[in-house]
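This report describes selected local features of a protein model. The sequence and structure are shown first, and the description follows.

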Amino acid sequence: MLEACKISYSHKKFSILENIDVSVNYGELLVIVGPNGAGKSTLLSMLANEMGQSEEPIYFKKKTFEEWDQKILPQHKAKFSQQNSNDIPLTVNDVVMMGRYPYFNSVPQQSDIDAVMKSMAETDVVAMKDRDYNTLSGGERQRVHLARVLAQLENDIAHKLVFMDEPLNNLDILHQHRILHTLKNFTELGNTAIVVLHDLNLAAQFADQVLLLKKGKIVSHDKPEKVFTKEIISKVYNFPCTICLNPVNQNPLIIFGT
Amino acid sequence: MQNKLPLYIFLSLVLLLVLAAGALYMGVYEFEKHSFFAIFQAIFNNDSSIPDSDKYVLLELRLPRIVMSILVGSALAVSGTCLQGMFKNPLASPDLIGITSGAMLFAAVSIVLGSHFKPYIPEVFHFSMLSIAAFLGALLTMTIVYRISTSNGKTNVVVMLLSGVAITAISFATTGFLIYLSKEEQLRDLTFWNLGSLGGATWTKNAILAAIILIAFSFLITKGKALNAMMLGERDAQHLGVPVEKIKKKIVVLTALLVGTCVAFSGNIGFIGLIVPYILRLLFKSNYHIILPMSAIFGSILLLTADTISRTIVPPSEIPIGILTAFMGAPIFIAILIRNKKSM
């Protein structure tokens, strides 16, 4: 699906990422975790081709991003970014409709309107569809942009890829779980998701693979139960923790401070 | 709302046509009881019963002037709207950020010192030297302002406006110096550029303007979606398949072309690029998909109305149109400042 070798990035001689190899398979939900400043967002940006051409090519479905038709590419991959612009003087519906821009020329088709409605239902923003985006709270804005990204990938293409940078910020418990369930359903259809998360327990519950970063290097890249061990986690986060089995779903449960 | 766009466009086009027809009737010269229909018919049939002066006033003075106000208004309003999309700010308009002054400066230089340059310039360009100079001036200032005020796709509004002030100051100083140097005939030309006037309209100028507008609009008018997406931030726009850098470059060159040509033909007509998008935003929010094509028509409506007022309000003379548009634009400038006080 997505293969990248030897990704490095430095800013003003200060190295942020060093020689990172990542490959992600079809139908996989990869969660990137790590302490502050580990380079999670930078890695995601590199993988999503935001930094321009990298020295080592990144292969998405066996083609580099440059080889893709730039008009088709947005129908195969989308990204949810962390800092969203705070002044967008449009209605919520208009903002979500931007996700369909790669699909229509001047007037949205019925399929576009349907896709917008479906993804707004998914993130629970239908009720505020005619409100001004600028009047929404942080969590509501977050859900509007999530709906926009979901609308962008609402099509019949197999094996799509979505990048999400801390999609659960500002969200309440209900919506955190709804978003992760939506992502899980998305990957179960053969699509791929690469997500940066802070909450290790949510990562343990939903991830197929976990990539643990510290100071621009990979500490561990494996299944959640292999990555989330007491030794690795307490060392990387520099904080004592206990790991036991979650009595409900048998995933690792991380309890910090013990 | 997006589906109603054709209806809005149709209605405002009708309004524009009605106003244009009305403007034909207004003016200092009184026609001898003939209706325009009769005059047009007479011209068509080579009828000599209509006085030549009627024909002349209608065909060579009034009609070209009305057409020019429609073209210039449209060009200025669309450049304003595109710049606001690119700078992501409702204060970015060709005059406030100094692009008009840049074009004016180069135009003034070519009026006064043009005769010295002429030997060094290929002969084909002699006729259009003024337009080319204005275009280059606009392009240069736009590039400078964008470079100074924008880093990483984010525009610092204060810096943007202040660089406009700085460029306007340079341009005023240089124009003042040139006035000091210039001969009487050149002086009259310079005053004309400074205050703006559509009095110099001819069919040749209209044809050139129309051609340039056609080229620029064919690219710009359809970029409403892209400008909307750029509100998300440039990276997010790229993920939606918008080739941000390419579009920005084209906007810079094409708006410089539009503004430069307008300045060359009609001088400094300010604030059109500020007033029109402001009014449209009140009506349709900031959806560029709607306000970009609408600004093309509303710019024409505004300038046509302003020009008709400017040539009828104090007969038999006329007041420079730049004064009128400034009277309308300045209060709106202040209104936007008050409204955006917090986000500056």
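## Hairpin, helix pair and a buried threonine

In this predicted model, β11(A) and β12(A) form a hairpin with 6 residues between them. Within the turn, A:Q250 has a positive phi of about 65°. The two strands pair in the antiparallel sense over 5 bridges, and A:L245 stands opposite A:P252 of β12(A).

A helix pair is found in chain B. The axes of α5(B) and α6(B) come within 9 Å and cross at roughly 140°; this crossing is right-handed. On the α5(B) side, the contact involves B:T141, B:V145, B:I148 and B:S149, which meet B:V159, B:M160, B:S163, B:G164 and B:I167 of α6(B).

The elements named so far have the following boundaries.

| Element | Chain | Residues |
|---|---|---|
| Strand β11 | chain A | residues 241-245 |
| Strand β12 | chain A | residues 252-256 |
| Helix α5 | chain B | residues 129-149 |
| Helix α6 | chain B | residues 157-181 |

A:T187 belongs to helix α6 of chain A, which spans residues 173-188. A:T187 counts as buried because 20 C-beta neighbours lie inside 10 Å. Leaving aside residues up to four places away in sequence, A:T187 touches A:G27, A:E28, A:L29, A:T192 and A:A193. A:A38 is 149 residues from A:T187 along the chain, and the C-alpha atoms of these two residues are separated by 26 Å.

Definitions and conventions. Residues numbered from 1 in each chain as written. Chains lettered and ligands numbered in written order. Predicted model: local features only at pLDDT ≥ 70, side-chain atom pairs only at ≥ 80, totals over all residues. Pairing = 2+ DSSP bridges. Helix = DSSP H or I, 4+ residues; strand = E, 2+ residues; numbered from the N terminus. Axes fitted to C-alpha atoms, helices over the stretch in contact; angles between N-to-C directions. Left-handed = near helix turned anticlockwise from the far one by under 90°. Contact = placed C-beta atoms within 7 Å. Buried ≥ 20, exposed ≤ 12 C-beta atoms within 10 Å, placed from the backbone.
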